[in-house]
Amino acid sequence: MGKEKQEKVSVHGGAINWVRLKYSGLYDIEKLMTAARQWFLDHKYLLIESEHSEAVKGGGKEIRFEWKPERNVTDYIKFQFEFEVVILREVDVVVEEQGRKKKMQQGDLELRFRTTMAKNYRKTFKGPGKEFLRQTYEKYLIKRELEGYEAKLNSEGDEFWDLMKQVLGSFTR
């Protein structure tokens, strides 16, 4: 089945799969979330926070963030991210860095994300007989353009993920 038959093309992750990173140790959640937020804003994504929950448990806090940033690339193509942060057993700690005391967090952190490229998001080709036209349009007229956008989203996803790993890596000693 060709990609022209799909209205959404998964680039990172998939319908049920995520790109995941698990980390246990010290981190600065504010630094991590600020870096993520700034990356999305720098790349002109509309940042939609779909969930933010916190619960205090016996072993520490449980926190969950879920963002669904998206960007209209053209009148036909939209880039969509799903980004989740799940934190278990978080406790605040004070560490000394270069002679200064700094508040950080310690716990088990899991970052997840996936990206999709939505095509025909404005439903230009909607109605009886138009599905055939949409598939023909994508397969023969804009195939190379779609491949280029898919590669661009792949590159952006890799860049975002590298930033998240870099920020988390800066906490290891």
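Reader: Why is glutamine 98 called exposed?
Author: Its relative accessible area is 84%, and exposed means over 50%, so glutamine 98 gets that label. Keep in mind that this is a predicted model. Glutamine 98 sits in the loop between strand 6 and strand 7.

Reader: What makes the phi of glutamine 98 worth a remark?
Author: Phi there is positive, about 50°, although glutamine 98 is not a glycine. The hairpin of strand 6 and strand 7 has two residues between the strands, and glutamine 98 belongs to that hairpin.

Reader: Where is asparagine 120 found, and is asparagine 120 buried or exposed?
Author: Look in the loop between strand 7 and helix 2 (130–141). Asparagine 120 has a relative accessible area of 0%; buried means under 20%, so asparagine 120 is buried. Its phi is positive too, near 55°, and asparagine 120 is a residue other than glycine.

Reader: How do you know that strand 6 and strand 7 pair?
Author: Two strands pair if there are at least two bridges between them, and strand 6 and strand 7 are joined by 19. They run antiparallel. Phenylalanine 81, for one, stands opposite threonine 115 in strand 7.

Reader: Which other strands pair with strand 7?
Author: Strand 1 (residues 8–12) does, in the antiparallel sense over four bridges, with lysine 8 opposite alanine 118. Strand 2 (residues 19–27) is antiparallel to strand 7 as well, over nine bridges, and there arginine 20 stands opposite arginine 112.

Reader: Why does glutamate 90 count as buried?
Author: Its relative accessibility is 3%, and the limit for buried is under 20%, so glutamate 90 counts as buried. This residue is in strand 6 (residues 77–97).

Reader: What makes the link between glutamate 90 and tyrosine 27 a polar contact?
Author: Their side chains come to 3.1 Å, and a polar contact needs N or O atoms within 3.5 Å, one able to donate a hydrogen and the other to accept it.

Reader: Why are phenylalanine 40 and tyrosine 45 called edge-to-face?
Author: The structure holds 19 aromatic pairs. In this one, the ring centres are 5.7 Å apart, with 75° between the planes; pairing takes centres within 6.5 Å, and edge-to-face takes over 60 degrees. So the label holds for phenylalanine 40 and tyrosine 45. Phenylalanine 40 is buried at 0% relative accessible area, and tyrosine 45 counts as buried at 4%.

Reader: Which parts of the chain does the pair of tyrosine 76 and phenylalanine 125 link?
Author: Tyrosine 76 and phenylalanine 125 are edge-to-face, 6.2 Å centre to centre with 80° between the planes. Distant parts are linked here: tyrosine 76 is in the loop between strand 5 (70–72) and strand 6, phenylalanine 125 in the loop between strand 7 and helix 2, 49 residues apart.

Reader: How do you know that arginine 114 lies over the face of tryptophan 18?
Author: Arginine 114 is 3.8 Å from the ring centre, and the distance limit is within 6 Å, with an angle within 35 degrees of the ring normal also required. Arginine 114 is listed as lying over that face.

Conventions
Residues are numbered from 1 along each chain as its sequence is written. This is a predicted model: local features need pLDDT of at least 70, side-chain atom pairs count only at pLDDT 80 or more; totals for chains, interfaces and linings use all residues. Side-chain values use heavy atoms; hydrogens and water are left out. Buried means under 20% relative accessible area, exposed over 50%, partly exposed in between (1.4 Å probe, protein chains only). Rings of Phe, Tyr and Trp (its six-membered ring) pair if their centres lie within 6.5 Å; planes under 30 degrees apart count as stacked, over 60 as edge-to-face and the rest as tilted.
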